[in-house]
Amino acid sequence: MNIHVPSTNHGLHDPKVKAALERLHRAARGDALVFLRGLPDALAAKARGKSLFDGLEPHMKKAFIQISHAAGEAIYNTARAINAKRIVEFGTSFGVSTIYLACAVRDNGGGKVVGSELEPTKVVQARQNIASAGLETFVDIREGNAMKTLTDVEAPIDLVLLDGWKDLYIPLLKLLTPKLRRGSVVFADNIHTFRKTLRPYVAYLRDPQNGFVTTTLSTGSGLEYSVYLGAEN
Ligand SMILES: C[S@@+](CC[C@H](N)C(=O)[O-])C[C@H]1O[C@@H](n2cnc3c(N)ncnc32)[C@H](O)[C@@H]1O
């Protein structure tokens with residue numbers, strides 16, 4: 001019997017991409033130490049009536065807080081399935097998620113990932129990490145507040161990854177929705193980690209009036225997987 005083995009063009013097995021991802025996921029284990037050092041500030045913020053996160057935020061400049069490999073694979077696979085060519089990312093950090101996204105764009109025949117990152121030192125390192133994976137041609141990281149830097153992204157957008165600070169998930173979704181193509185996918189990370197904060201985000205997506213169908217995947221720290229079926233502008 002002849003078995004047809006299709007060429008999968010599976011770039012996550014590309015040695016440069018694989019080596020970069022393995023190195024970065026290993027380095028990200030150091031986040032535990034960053035959080036430990038930030039604990040006194042987090043507790044002090046709580047004592048002042050603020051959230052633990054308010055105290056931790058200054059320490060986040062050094063933390064990867066990257067998506068899990070499982071989430072990266074799910075996002076890569078989806079981007080391949082829908083032939084994503086234009087991808088927008090809220091929260092690039094050191095570029096781990098961007099590598100999964102850019103790899104998919106490259107394997108789809110080319111396109112662009114538009115990333116966004118507040119912290120200038122992270123932008124520099126993200127660019128280096130993405131170059132080490134051989135994917136710099138497919139990435140445009142915009143430094144500054146994503147609510148400003150992502151305003152002029154061109155339509156149509158095929159896929160969005162929301163992974164910056166959680167209070168901006170809804171505003172960013174609203175900013176980008178007019179440019180989403182029908183059938184595009186919006187991923188949002190940390191649904192389980194920030195269950196309470198992100199409840200309104202999930203509720204917004206579950207409201208049929210807003211044009212999405214959605215499900216929360218248990219992948220990683222909870223990944224909202226939403227498909228846009230609303231009108232195209
Ligand atoms: C969870 S990390 C992103 C991790 C990254 N997606 C990955 O998987 O490697 C969140 C990042 O979003 C950035 N960020 C938060 N608010 C932002 C904003 N308004 N505009 C741009 N970046 C923002 C933070 O500086 C932080 O580096």
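A residue counts as near a molecule or strand here if its C-beta atom, placed from the backbone, lies within 6 Å of it. On that basis, 23 residues surround the ligand, and the closest are Gln-66, Gly-91, Ser-93, Val-96 and Ser-97. Helices (H or I, at least four residues) and strands (E, at least two) are DSSP runs, numbered from the N terminus.

By class, the ligand shell holds eleven nonpolar, eight polar and four charged residues. Nonpolar covers Ala, Val, Leu, Ile, Met, Phe, Trp, Tyr, Cys and Pro, charged covers Asp, Glu, Lys and Arg, and the others, Gly among them, are polar.

Before going on: this is a predicted model, in which local features need pLDDT of at least 70, side-chain atom pairs count only at pLDDT 80 or more, and totals for chains, interfaces and linings use all residues. Residues are numbered from 1 along each chain as its sequence is written.

Now the packing around α5. Which way does α1 run against α5? The axes of α1 (residues 15–27) and α5 come within 10 Å and cross at roughly 160°. That makes α1 roughly antiparallel to α5. Axes are lines fitted to C-alpha atoms, for helices over the stretch in contact, with angles from 0 to 180 degrees between N-to-C directions. Under 35 degrees is called roughly parallel, over 145 roughly antiparallel, 65 to 115 roughly perpendicular, and the rest oblique.

In this pair, Val-17, Ala-20, Leu-21 and Leu-24 of α1 meet Val-96, Ile-99 and Cys-103 of α5; contact means C-beta atoms, placed from the backbone, within 7 Å. The contact comprises seven nonpolar, no polar and no charged residues.

From α4, Gly-72, Ile-75, Tyr-76, Ala-79 and Arg-80 meet Ser-97, Tyr-100, Leu-101, Cys-103, Ala-104 and Asp-107 of α5. This contact divides into seven nonpolar, two polar and two charged residues.

On to domains, with bounds from an automatic or database domain assignment. The chain is split into domain 1 (17–62) and domain 2 (69–228). Their centres, taken over C-alpha atoms, are 21 Å apart. How many residues of domain 1 are in contact with domain 2? Six, and they meet eleven residues of domain 2. On the domain 1 side, four are nonpolar, one is polar and one is charged.

Last, the backbone. Ala-155 and Pro-156 are joined by a cis peptide bond, with omega about -5°. Pro-156 sits in the loop between α7 and β4 (157–162). Ile-65 is not a glycine, yet has a positive phi of about 40°. Ile-65 is in the loop between α3 (52–56) and α4.

Notes: Two residues are in contact if their C-beta atoms, placed from the backbone, lie within 7 Å.
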